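Please read them with the structure open.

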Amino acid sequence: MKTPLERKFIRYGRAGVPMFLNEEFALLPYSYSKDLACIQHAKSMIFKVIHRTTRREAGELALRIGDSPCMFYLGHIGYHIDPPYRGHSGAYQACSMCVPLLLDLGLRTLVITTDDDNLPSIRTCEKLGCRLESTVDVPLSIQKEFEISARKRRYIWFLSDD
């Protein structure tokens, strides 16, 4: 059964209306899947990150809701910000804006994974208040299936409903 915010995500996506926004960025619902077999039946909610001044797509934020061996390496949140929009905390802002949705989905902790050498993503995790849990080697089969690197840092993000 979908939560009210999941239904809102779908409705806003169909209408092309941002679901969350702040002064610099907006999160526009893009894709909803409720049963992704490739990650053992997790939900996926993907937002386009829109730069509000230029009205251009600045990146993407993917929420993966569920747990599986693959999710251990992929994490619950994936994001990227396109080069012209980097350096403005876009990933941090996008993650922060979606907290009400994550709480509505019943999440209180999530995993964000990043490559060992991805300093901007590491800084984003630190700015969010994530705790580095471990650095893990990714099995070759998962590297190939999801086209990810051989090592991942696993950060735990503790959400608060304060």
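1. How many disulfides does a search of the whole structure find? The count is zero. Keep in mind that this is a predicted model. C125 takes part in no disulfide, and the nearest cysteine sulfur, in C130, is 4.6 Å away. A disulfide needs the two sulfur atoms within 2.5 Å, so 4.6 Å between C130 and C125 is too far for a bond.

2. Are these two cysteines buried or exposed? C125 is buried, at a relative accessible area of 0%. C130 is buried too, with a relative accessibility of 11%. The cut-off for buried is under 20%.

3. C125 belongs to the buried set of α5, together with S121, I122, T124 and L128.

4. What does the buried side of α5 pack against? Its partners are β5, α3, β6 and β8 (151-158). Please check the packing of α5 in the display with these four elements shown.

5. Now the largest pocket. Its volume is about 710 Å³. The lining has 34 residues. Nearest the centre are Y79, H80, I81, N118 and S121.

6. By residue class, the lining has 16 nonpolar, twelve polar and six charged residues.

7. S44 sits in strand β3. With a relative accessible area of 8%, S44 is buried. S44 and G59 are 15 residues apart along the chain, and their C-alpha atoms are separated by 16 Å.

8. S89 is not a glycine, yet its phi is positive, at about 60°. S89 is in the loop between β5 and α3. Its relative accessible area is 31%, so S89 is partly exposed.

9. E147 is the other residue to look at here. Phi of E147 is near 55°, again a positive value in a residue other than glycine. E147 is placed in the loop between α6 (140-146) and β8. Is E147 buried or exposed? E147 counts as exposed, at 72% relative accessibility.

10. A150 is also found in the loop between α6 and β8. A150 is partly exposed, with a relative accessible area of 39%. Which residues does A150 touch, leaving out those up to four places away in sequence? They are V136, D137, V138 and Q143. A150 and D115 are 35 residues apart in sequence, and the distance between their C-alpha atoms is 8.5 Å.

11. To sum up, a search of the whole structure gives zero disulfides.

How values were computed:
Residues are numbered from 1 along each chain as its sequence is written. This is a predicted model: local features need pLDDT of at least 70, side-chain atom pairs count only at pLDDT 80 or more; totals for chains, interfaces and linings use all residues. Side-chain values use heavy atoms; hydrogens and water are left out. Buried means under 20% relative accessible area, exposed over 50%, partly exposed in between (1.4 Å probe, protein chains only). On a 1 Å grid over the protein atoms alone, a cavity is a set of points where a 1.4 Å probe fits but cannot get out, and a pocket is an open set with protein on both sides within 12 Å along at least five of seven lines; lining residues have an atom within 4 Å of a point. Grid points are joined across faces, edges and corners, and a volume is the space filled by probe spheres set on the points. Ala, Val, Leu, Ile, Met, Phe, Trp, Tyr, Cys and Pro count as nonpolar, Asp, Glu, Lys and Arg as charged, and the others, Gly among them, as polar. Helices (H or I, at least four residues) and strands (E, at least two) are DSSP runs, numbered from the N terminus. Contact means heavy atoms within 4.5 Å.
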